[in-house]
Amino acid sequence: MKKDTSNFNTLSIHSGEDKQTPPVSSVPAISMATSFLSKEEVSFSSENLEDDSPYLYTRWANPIINTLEEKIAALEGAESALALSSGMGACTSTMLSLLKSGDRLLVSDICYPGVREFCNTTLPNLNINVEAINMSDLEEVENALSVPTDLIFMESPCNPILRLTDLKAIVGMAKEQKITTVVDSTFATPIATQAIGLGVDLVIHSLTKYMNGHGDAMGGVIAGKKEHINLIRNTAVIHAGNVISPFNAWLINRGLATLPIRMKRHSENAMMIAERLEKHPNVKQVNYPGLLSHPQHNLAKRQMNLFSGMMSFQVQQNPKQITERMRKELQTIHYAVSLGHHKSLIYYLPTDDLQQSSYQLRGKNLADYRKFAGEGIFRLSVGLEDPEDIYKDLEKVLNT
Ligand SMILES: Cc1ncc(COP(=O)(O)O)c(C=O)c1O
């Protein structure tokens, strides 16, 4: 476990907020303007954009979006960051900006289903070769790297099964071949995992989740070296138009102020609920990195400062009936997709459906998935409510 995380509390509140012109407000203002007065000669081409170029047009740069980007770069310990319109926007922009026809991408076979679907369809249409592998199996990674590879896209913990990826180990293999590495760290946030510190080149978050934390703004971010970030900014935001709304940037910047304390509370609540669920007679298996029973608990302790608020669990019987009861009877927990909100959210993901729509795994990789998910899992995003209330709500529908 990384020990000293005390400066997160200051960085999440102050970083990026020191560049206002008078009058200086105590909280940053939203600049909803799409264009800014040009008081001096500015190049119209984004190719000539410099760090200190004056503001010109919001798709190029905007003060509150820059504030958000600086804050996230500070939290990640990254040189630079780029905010975009959504988490999917961040994932796909990274791939489309860094890969070209004929290149090869290694992607985690389990990741946010939208990302896998994009890798299954759009990238092959652009003549990009994609291989989806179990990134938790380092032998599988090593074998896959015997073929020249251009980009490795990891996720940890993986949505929805909470399997982990050993970032340091994969970065070690990738560096030998100078392959760029990316991790979608949405489930962990920079508070739980310092991916840049582990050597990963680019870290991605869906800002829609924990980073904003209140379920009311969509966004995405990529953090890493300036060289990568400037390239993706040009390609994906300035040219392809994947810009975040300044209002959303303002909301997410506000949400970030409480990220460290929210993550601590999400983790504490989740730990308590995971331990209790594990003892419930109708619960077959709980997947939570903080539990001793998680097959990668030791890796979780090495790679995560805290274990976040996400878990998945299988029930012994009647998942369909339990799902119906959840839709009708849950009060504290919302039966709804998404995660990382202040409110607890739960959703049932049947294995066959997800395999058909997104993952299309076979043989060993399907068996590896089933070790976590069986016939289906309830994905639970533990919120900030009183943990007793969250558990009571669950217990009510599990006692069939
Ligand atoms: C791990 C992960 N990455 C990316 C995304 C996509 O984010 P967004 O919904 O902001 O596009 C999600 C959404 O659930 C996610 O869970």
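Asp137, Glu140, Lys364, Asp368 and Lys371 are linked in a network of salt bridges. This is a predicted model, where local features need pLDDT of at least 70 and side-chain atom pairs count only at pLDDT 80 or more, while totals for chains, interfaces and linings use all residues. Residues are numbered from 1 along each chain as its sequence is written, and side-chain values use heavy atoms, leaving out hydrogens and water.

Q: Why is the contact between aspartate 368 and lysine 364 called a salt bridge?
A: A salt bridge needs a side-chain nitrogen of Lys or Arg within 4 Å of a carboxyl oxygen of Asp or Glu. Here the N to O distance is 2.6 Å, so the pair meets the definition. It is one example from a structure that holds 20 salt bridges.

Q: How do you know whether aspartate 368 and lysine 364 are buried or partly exposed?
A: Buried means under 20% relative accessible area, exposed over 50%, and partly exposed in between (1.4 Å probe, protein chains only). Aspartate 368 has 8%, so it is buried, whereas lysine 364, with 43%, counts as partly exposed.

Q: What makes aspartate 109 and arginine 163 a link between separate parts of the chain?
A: Their side chains meet in a salt bridge of 2.9 Å, N to O. Aspartate 109 sits in the loop between β2 (104–108) and α4 (113–125), and arginine 163 in the loop between β4 (151–155) and α6 (167–176), so the pair ties together parts 54 residues apart in sequence. Helices (H or I, at least four residues) and strands (E, at least two) are DSSP runs, numbered from the N terminus. Aspartate 109 is buried at 0% relative accessibility, and arginine 163 is buried too, at 3%.

Q: Why are lysine 328 and glutamate 324 said to be about one helical turn apart?
A: Because they are four residues apart in helix α12 (residues 319–329). At 66%, lysine 328 is exposed, while glutamate 324, at 37%, is partly exposed.

Q: What makes a space in this protein a cavity?
A: On a 1 Å grid over the protein atoms alone, it is a set of points where a 1.4 Å probe fits but cannot get out; lining residues have an atom within 4 Å of a point. The structure holds one cavity of 30 Å³ or more. Of the 14 residues lining the largest cavity, the closest to its centre are Ile65, Glu69, Arg233, Val237 and Val243. Helix α2 gives the most to this lining, with three residues.

Methods
1 Å grid on protein atoms, 1.4 Å probe; cavity = no way out; pocket = protein on both sides within 12 Å on 5 of 7 lines; lining within 4 Å. Points joined across faces, edges and corners; volume = space filled by probe spheres on them.
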